[in-house]
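Open the structure in your viewer and keep the sequence beside it. This tour tells you what to select at each stop.

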Amino acid sequence: MSRAQDSCTDLRTAQPASGDAPRPALTSPTCVPQPHGGNYYNQGEIRKKELEQSCCLLGIPASSVTVVDHRDLPDNPSVQWDTQLLASFVLKHIEANNINLVVTFDAGGVSGHANHISLYTALRYLHSERKLPEGCRVLVLESVNLLRKYISILDVFLSCLLPRDALFILTEEETEQARRAMQCHCSQLLWFRRIYMLFSRYVVINSLHLLEKTTLTTPGVKE
């Protein structure tokens with residue numbers, strides 16, 4: 001698992017792993033909704049195709065990729081999306097597909113991206129208001145500091161020592177697959193993202209926490 005280039009939330013029919021398990025037991029379908037059309041640089045249609053190509057390379061068919069193109073959910077790294085509007089889209093998708101595991105960002109959004117944080121806020125709202133279907137769990141991707149973020153596989157030692165509910169450590173083959181998937185997003189491969197693909201621990205290591213166990217808070221969201 002590597003962090004998606006766009007503001008995506010991964011919705012799975014699965015059971016979350018324990019802290020000691022390297023992989024959760026996943027079953028189909030895996031759904032990847034993208035809450036915006038990726039149109040920040042007026043490249044919406046291009047980015048939609050890139051997302052589908054990337055998911056296809058990871059074994060996720062285009063039929064499991066949902067792009068929500070809504071004027072109030074713009075692709076903009078400085079815009080906080082409306083929590084209840086976004087939550088309504090996410091909840092509708094969860095219920096329509098009988099999803100029991102949602103994987104999304106934490107309150108740090110990995111890079112501080114406002115759209116990423118909005119996804120966390122929406123899921124935390126649904127969770128705190130008890131609107132998620134019974135049995136539906138939420139895993140959030142841990143945001144780490146800048147040093148840990150760019151030491152690649154060297155972060156494995158600390159990641160294994162620190163508490164978490166799920167830990168993904170990719171094999172060399174899986175890491176190359178993740179990089180190939182990211183390379184499908186040609187329109188977004190700016191110089192800093194190429195550095196990211198080479199050195200980021202997220203390409204190799206992802207640590208996640210169950211939402212009810214997180215201590216991060218977001219203003220305006222009930223705990």
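**Aromatic rings.** This is a predicted model. A search through the whole structure turns up one aromatic pair. Select Trp191 and Phe192: their ring centres are 5.7 Å apart and their planes stand at 90°, so the pair is edge-to-face. A pair of aromatic rings is described by the distance of the centres and the angle of the planes. Now colour by accessibility. Trp191 counts as exposed because its relative accessibility is 64%, over the 50% cut-off. Phe192 has 38% relative accessibility, so Phe192 counts as partly exposed.

**The whole protein.** Zoom out and switch to a cartoon. The secondary structure comes to eight helices and seven strands. Of the 223 residues, 52% count as buried. Next, the contacts between residues at least 6 apart in sequence: 77% of them join residues at least 24 apart.

Select Glu142. Find it in the loop between β5 (137–141) and α5 (146–149). Does Glu142 count as buried or exposed? Glu142 is buried, yet has no salt bridge. The nearest side chain of opposite charge is that of Arg148, 4.0 Å away. Show side chains and look towards Ser207. The side chains of Glu142 and Ser207 make a polar contact at 2.5 Å. Which residues does Glu142 touch, not counting those up to four places away in sequence? Select Asp106, Arg148, Arg201, Tyr202, Ser207 and His209 to see them.

Keep two of these neighbours on screen, Arg201 and Tyr202. Arg201 lies over the face of Tyr202, at 5.0 Å from the ring centre.

**Ile94 in helix α2.** Move to helix α2, residues 83–96, and pick Ile94 there. Its relative accessibility is 1%, so Ile94 counts as buried. Ile94 and Cys136 are 42 residues apart along the chain. Their C-alpha atoms are separated by 8.7 Å.

**His113 between two helices.** For the last stop, select His113. His113 lies in the loop between α3 (109–112) and α4 (114–128). Buried or exposed: how does His113 count? His113 counts as buried because its relative accessibility is 19%, under the 20% cut-off. Now show the backbone of Asn115. The backbone nitrogen of Asn115 lies 3.1 Å from a polar atom of the His113 side chain.

Technical notes. Residues numbered from 1 in each chain as written. Predicted model: local features only at pLDDT ≥ 70, side-chain atom pairs only at ≥ 80, totals over all residues. Heavy atoms only, no water. Phe/Tyr/Trp six-rings, centres within 6.5 Å; stacked < 30°, edge-to-face > 60°. Buried < 20%, exposed > 50% of the residue type's maximum accessible area, 1.4 Å probe, protein only. Lys NZ or Arg CZ within 6 Å of the ring centre and 35° of its normal. Helix = DSSP H or I, 4+ residues; strand = E, 2+ residues; numbered from the N terminus. Lys, Arg positive; Asp, Glu negative; His and termini not counted. Polar contact = N/O pair within 3.5 Å; in protein donor to acceptor, adjacent residues only side chain to side chain. Contact = heavy atoms within 4.5 Å.
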